[in-house]
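Hi everyone, thanks for coming along. Could you bring the model up on your screens so that we can walk through it together?

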Amino acid sequence: MTRRLAPTVILIIFSVIILDQIIKFWVKTSFYLGEDMQIFSWFHLLFVENNGMAFGMTIGSKLVLTLFRVVVVSLLGVYLYRVVHLPNVPKGYVVCLAFIIAGAAGNILDCLFYGLIFNTPIPPQVASFMPEGGGYAPLCMGRVVDMFYFPLVSWTWPKWMPVVGGDEFLFFRPVFNLADAAISCGIITLVIFYARYIQSPKALSEL
């Protein structure tokens with residue numbers, strides 16, 4: 001990495017991963033599964049876990065998904081290492097990649113190790129770190145910890161409306177974590193400001 005960008009990349013990746021894990025450890029060992037702490041009417045700390053991707057989505061086998069994540073993050077890391085050697089690469093582009101890699105790595109740690117180092121007691125008991133009886137799942141089979149919940153606005157659709165009539169609408173429904181936020185912010189910023197580098201990788205080689 002160049003001297004200009006290496007400190008920024010390292011700081012972002014380690015800061016996101018460490019802060020993400022600190023929050024998850026605190027929630028995991030202080031909240032029982034499903035516990036909801038209202039901070040404001042529009043912001044809750046709600047402890048949930050998921051087996052899948054960002055914002056609780058699921059797809060395919062858990063083991064395959066974890067291994068796929070490891071491969072993707074490794075490839076992104078190699079790509080980032082090469083990109084930062086370009087003399088005129090935009091700093092914002094590198095920052096976005098760093099946030100995406102850090103967020104993905106944060107969730108990978110949950111999948112790899114949380115099943116080994118935590119148990120899953122029946123609520124209202126909270127999980128123990130390194131329990132005597134062992135964890136709740138083998139390596140690569142842990143669940144991702146989520147906690148940020150923003151029920152910003154809700155309403156009930158008029159009954160005369162087709163399909164959704166009478167249903168309740170809630171925005172924003174997904175529960176997520178800091179790693180998810182880092183990934184989302186990185187991707188959204190890339191799409192908005194650096195789309196040409198995504199659509200045409202040759203643009204980077206011309207810098």
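I'll start with the overall fold and then move on to the aromatic rings.

First, some housekeeping. This is a predicted model, where local features need pLDDT of at least 70, side-chain atom pairs count only at pLDDT 80 or more, and totals for chains, interfaces and linings use all residues. Residues are numbered from 1 along each chain as its sequence is written, and side-chain values use heavy atoms, with hydrogens and water left out.

The protein chain has six helices and six strands; these are DSSP runs numbered from the N terminus, with helices being H or I of at least four residues and strands E of at least two. Along the sequence, the pattern reads α-β-β-α-α-β-β-β-β-α-α-α. Of the 207 residues, 40% are buried, where buried means under 20% relative accessible area, exposed over 50%, and partly exposed in between, using a 1.4 Å probe and protein chains only. Contacts here mean heavy atoms within 4.5 Å. Among contacts with a separation of 6 or more, 66% join residues 24 or more positions apart.

Now the rings. How many aromatic pairs does a search of the whole structure find? The count is 19. Rings of Phe, Tyr and Trp (its six-membered ring) pair if their centres lie within 6.5 Å; planes under 30 degrees apart are stacked, over 60 edge-to-face, and the rest tilted.

Take Trp42 and Phe150: they are stacked, at 6.3 Å centre to centre with 20 degrees between the planes. Trp42 sits in the loop between strand E1 (36-40) and strand E2 (43-50), and Phe150 in the loop between strand E3 (144-149) and strand E4 (153-156), so this pair ties together parts that are 108 residues apart in sequence.

Trp155 is partly exposed at 35%, and so is Trp157 at 25%.

Trp42 and Phe150 also belong to a cluster linked by ring pairs, along with Phe40, Phe43, Phe148, Phe171, Phe172 and Phe176.

One last stop, at Gln21 in helix H1 (residues 6-30). Gln21 is buried, with 11% relative accessible area. Beyond its neighbours within four places in sequence, Gln21 contacts Gly106, Leu109, Asp110 and Tyr114.
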